[in-house]
Every structure is written in C-alpha cells, then in structure tokens.
Amino acid sequence: MATTAKDPDMLQADDQLKRSEGEQRQEEDEKEMISSTHTLVASKWEDEMASRPILVGYAFGPKKMSTMGVVMAEASKTHLSSVSTTVLVEEDEEDELAQDDNDDEQEETQQQQQQQPTQQSEDATNTATTSASGTCISATSTTRLSPRRAEKCKGNIMMSLGSYNGGLQNIVRYLHSSCSSVDTNSTTTTMLTTGTTGVALSTGSTCGGTLASLTTQHQRLRVSFVPLDPDLPLEGQHGAKMDIVLHKLTEDILCLSKYAPLYPDLVPSLGEVNSDNCNKLQETLQQIHARDAQAAILRVHRLMQYQKKHPDCCLTDDPAKVLTLMSRSDIANALQQCLVGVQSKSGIPVASPRFLVWDPNNIANSNKQQQQPSIAESLQNANLSYPLIAKPLQAAGTKISHYMTVLLHQSSLEHIQESTCLLQEYANHDAVLYKVYVLGNNVRVYQRPSLPNLPPLFDGRTTTSTGSPSYVDFDSQRPYPRLSAFGVPEGATASSSQSQQQQQQQQQQRVAVTDEEVQPIVDKLKQAFGLELFGFDILITTTNDNDNNGANNNNKKMLVVDVNYFPSYKEMQNFPSLLAQYLTQRAIDSRRKQPPLQSPNDAHAGCLS
C-alpha cells in the first residue's frame, strides 16, 4: 500500500506541537518540583517556629533599666499568634461563590442537629483557651468559609506561614494583652508584608480596593524576653541565639561620642570580627586611660559585634546611628539638610529652626592675627534676632542636657558666652508642642504645653528695663515658665495687637496634627537617621505672610526640634504590648530571610569581646 507524504508545513506544525507539549510538561514538572520544595521549606519553617521560640534580648543603662524592667515584664505577658493558613477571595468571584453558599446553607441546616453536640464541645474548648490565656480575643478564632467556597479558594492566593518565595508574603497576628490599659486608637491586627499583597484579618476587608474574604488558622508564637549583660560576651548568654536585641545604652554611647572625634578609627572598628580591626580597637582603648570609658565603649562594641557575627539577629537600633542623636549640633545639621522641600500630608511646609553653634574655645584657640567674631557678631552674621533659646550641645544622657535658657536681648549673652551651646531662634507656637513617638510603623502624636508666645519687646535693645529679666533659665523636663516669668504681663503676647476676631479666626484655623499628617516627616527622619525607635517635637508657627491673611493654613509652618532615641513613650497606651508586637515582627522578618534550621557562622569567636 502506498503511503501519502505529509505536507512539509504539516510536519513542521506537528513538530512545533510536540515541542510545545514537551515544554508544557517540562514547565508543569518544574512547577510541581518548586511547589514541593516550597511545601518542604514551609513545613521546616513551621516546625522551627513551633520548636524554637523567638528570643528577644534587652540591655539598658542603669537609669533606663529602672523603668524598662517593668515594661519588659509587661511585654512578656503579651500573647502573640500568627496565621498558619490564610485564603483570599477577590470580589469578582463573590457573586459566583454566593450561590455556593446558599446551596451549602440548606445542607448545613440539615446537619446542624447532628453536629450540635460536637459544636458545643468545640465552643467549650475555645472558651477554655481564651480564659487560660487571659485574652480578650480568642487565639483560635477563624473566619469560616463554606466547603464549596473553600474548595474554589484553593486556586487563589494562599498566604501561609511557610509559603517561601524568598521571603514571607503575609503574617497576620492577633495581639492579645493582659495589660490593664488598652489603646483604643491602635489596631489589634497587624500585617507583616514583604510582597505586594496586603490582607487584613476580617470578613469583607479591602485589599487594594477589592473586597476579600479570609479563612485562617492561628499558630501561637512563643516569645521569650531575657535581660543581657553587656559587660560580658553575649555569646552563650541564656544558652541560645538571640533573634533581636533591644538596647538603650545612652550613657555608654554618649561616652563614645566624646572620644570619637579624638580617635577617628574608634567608631569604624566597633563591632568588627576581623582580628586586625579588633587589634585596632584594642590599641585605641589602650590610649584611653579612663577605665570607665573603656568599659562603656566595650559594652557598645559587644552589642555591635554580636550582630555582625549573627547577621540574622536584629539590633534595635544601630549604636552608630544613635551616635548622631548625642549632639544637638549634629541633630540640627541633619534636620536642616533632610527637611528641605518636605511637607506634611496636607501640604504644610516643614523645616527646622534656624540656629548657630557657639563654641568659646574657637576664640580661645584662634590665632591672634585671625580675630574670631564675638558671640554678638556671630548672631548678627547668622541673621538671628531675640528672643533666642540656648541649649547644651549634649542632647541626652545627663540632667544638664535638659537645662536651657531663653535669651531676651543682647545683655543676656554674658550669661552663656563661656558655654558651648546651640543658639536657636525662639519661634512662637501658641504655647503648644506636639510630641511624636515612632515605634516601627506605629506613630502617635500627643499634645503638650510649651513655652509661651513672647512679644518682640526686647528686640534690638542692649539693656533691660528695671525689674525685667534679661534671660530665663528652665528645665525642659519640668513645667515650662509662664509668661510672667519673662517680665511680660499675662495676655501681652505677640498677637495682643490683633483684634479679637482675628485671634478667634486663628484658633479655628489651628492645624490638626495627627498621625497621618506627620507621616511624611516620620518617613524622612527614618531615612535620614536610620532609626526605628525615636521621638521628636513639632511646633506650629505662623509665618509673616500678609497676602494670605491666615487662610487655609497657607501661612503655617511646622518646625521639627529635638529628635531623641528610644523616648519614654509614656503617653502611649499599651506600650509594652506594642513593643512586644514590634520586636516579634522584626524577629520573624529576619528569620524568614535566612534558610530554615541553619546555624549561624560563629567564626572569629576568639576576637575581642
């Protein structure tokens, strides 16, 4: 029988079809292999999270330990759980799945009587779990989907504690606290997101404008908070590796800031595990004869070295970054640079007060042929007018850092001309400052009383009138002086010449300083200072813009002053639980970036510690 030859085009089409089918099978095999790998990694991660608790170490100076010891004890009572399985259904599938729910309702109605005893038993178990943990929200609560809906959800986005694609896509945690205070303004559901999809744990939550439904199963996280002794090597303390180390060694970092300008190699050699760099640090320390200073620098070194030996351990925050906040001069210069062009969310311009750093040592050490300007001449060259506020350059760590002086006119310069200080413009701000606390992604703003508005009564004068002070000293940690302390009658403010109607209009136009309003400032300061735990003050001032007549905040300006590391957070309700939540999230973030169940490299363990 004769065979019919196939057309060359048909043969080519057959070959392409075979290659296409082969490539498709190969692609499916690769996907299955990747899926199996992800499942294996997920299982290992879940096993590790269950077997190895998150270990949070903390080290504080003597002053901070007196208060933070209580905070960490409260934080240890916080119960955290993560979602081991989360299913997301998008809005365009809701209509299709709604009919499935209706069909399931009839089946479920028929089965309710049979399932009622079992359901009652389950409810009793859940109630016991809630009571045992002392929480207000059950750690085992779930958003339930119908069987058909759950089956259809399998093809959609699956968020799992173990889904591994180079990082965690989502972890949703319930925060359960046994603390007596509860912050009603804070959310008890947080997202840990390294991908592009965000999911909130609630039925009908929105995700990028799309309605979503979730089903979840919770896995309790075990978190241990343990104190560290930075006078000893951190290796081996508490018998396990730390996931995160929280610290506030202000006095030690302040000591470091005093010696850093004298020894340029000091800060770069801190934390190094390389033996040559460790030798450099040892040589530098030998030149510092004060043993207290040596011990302080070594405490900071041990924290930084532990983090470099264990890159997956978070150090909150980097002491080298905190170093900037020890000097008001460094803070003022950093603010002046990073706030250029920054606006609040509503468009209010943001800046820092104009300033001058006065150091009398510059005159004492200057060459006689190069006459240095006096303090009065320096102020004039900087275009600064009275009143002014003088602040110590030392920004933290001692009581002296909070002793400040308001200079009312030129005769007051004798009071501070022998002191190294920051001279800053005194900006009237209606006796109100806004304290901003930053705790990772948590931002809180609290209003506090502040210095009064001062009229420019003394501007340009060289002498004071009888009975009027030329300066006013005060402690920023105590109640601020009232207007009468400045020799000014109550009510004689800078706006006293304005009509009552104008003053009422200004009151109505007062800026609402909210968390959202200051978020652009927070983002910029995080970037500039490289910190996660810090606070700063905001003053709202009125610019001299006669054309705007105070309309729509166009003549308002926000001034940022006094950035400080790890503030008291004393106004922030439920702070211990929020701190525990933040530290746990950072630890999980770091774990997910590392291969599961892999021990860190402990090389160079014999280096200076």
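**Salt bridges, a helix pair and a buried alanine**

Lys308 is partly exposed, with a relative accessible area of 39%; here buried means under 20% relative accessible area, exposed over 50%, and partly exposed in between (1.4 Å probe, protein chains only). The model is a predicted one, so local features need pLDDT of at least 70 and side-chain atom pairs count only at pLDDT 80 or more, while totals for chains, interfaces and linings use all residues. Residues are numbered from 1 along each chain as its sequence is written, and side-chain values use heavy atoms, with hydrogens and water left out.

Lys308 has a charged partner: a salt bridge joins Lys308 to Glu272, with 3.2 Å between the closest N and O atoms. Since Lys308 sits in helix 8 (residues 291-309) and Glu272 in the loop between helix 6 (266-269) and helix 7 (275-287), the pair ties together parts that are 36 residues apart in sequence. A salt bridge here is a side-chain nitrogen of Lys or Arg within 4 Å of a carboxyl oxygen of Asp or Glu, and by this rule the count comes to 11 salt bridges. Helices (H or I, at least four residues) and strands (E, at least two) are DSSP runs, numbered from the N terminus.

Asp562 and Lys391 form a salt bridge whose closest N and O atoms are 3.4 Å apart. Asp562 belongs to strand 20 (residues 556-565) and Lys391 to strand 13 (residues 388-392), so parts that are 171 residues apart in sequence are tied together. Is each partner buried or exposed, or in between? Asp562 is partly exposed at 25% relative accessible area, whereas Lys391 is buried at 4%.

The side chains of Lys77 and Glu74 also meet in a salt bridge, at 3.3 Å from N to O. Lys77 is partly exposed, with a relative accessible area of 41%, and Glu74 is partly exposed too, at 24%. Elsewhere, salt bridges link Asp231, Asp252 and Arg299 in a network.

Helix 5 (residues 250-259) packs against helix 8 at an angle of about 110°, with the axes 8 Å apart; axes are lines fitted to C-alpha atoms, for helices over the stretch in contact, and angles run from 0 to 180 degrees between N-to-C directions. That makes helix 5 roughly perpendicular to helix 8, a label for angles of 65 to 115 degrees (under 35 is roughly parallel, over 145 roughly antiparallel, the rest oblique). Asp252, Ile253, Cys255, Leu256 and Tyr259 of helix 5 make the contact with Ala293, Ala296, Ile297, Arg299 and Val300 of helix 8, where contact means heavy atoms within 4.5 Å.

What does Ala75 touch, residues up to four places away in sequence not counted? Ala75 touches Phe225, Pro576 and Ala580. Ala75 is found in helix 2 (residues 62-75) and, at 1% relative accessibility, counts as buried. The C-alpha atoms of Ala75 and Phe575 are separated by 8.4 Å, although the two residues are 500 residues apart along the chain.

Now for the whole protein. The secondary structure comes to 15 helices and 20 strands, and buried residues make up 44% of the 609 residues. Among contacts between residues at least 6 apart in sequence, 76% join residues at least 24 apart.
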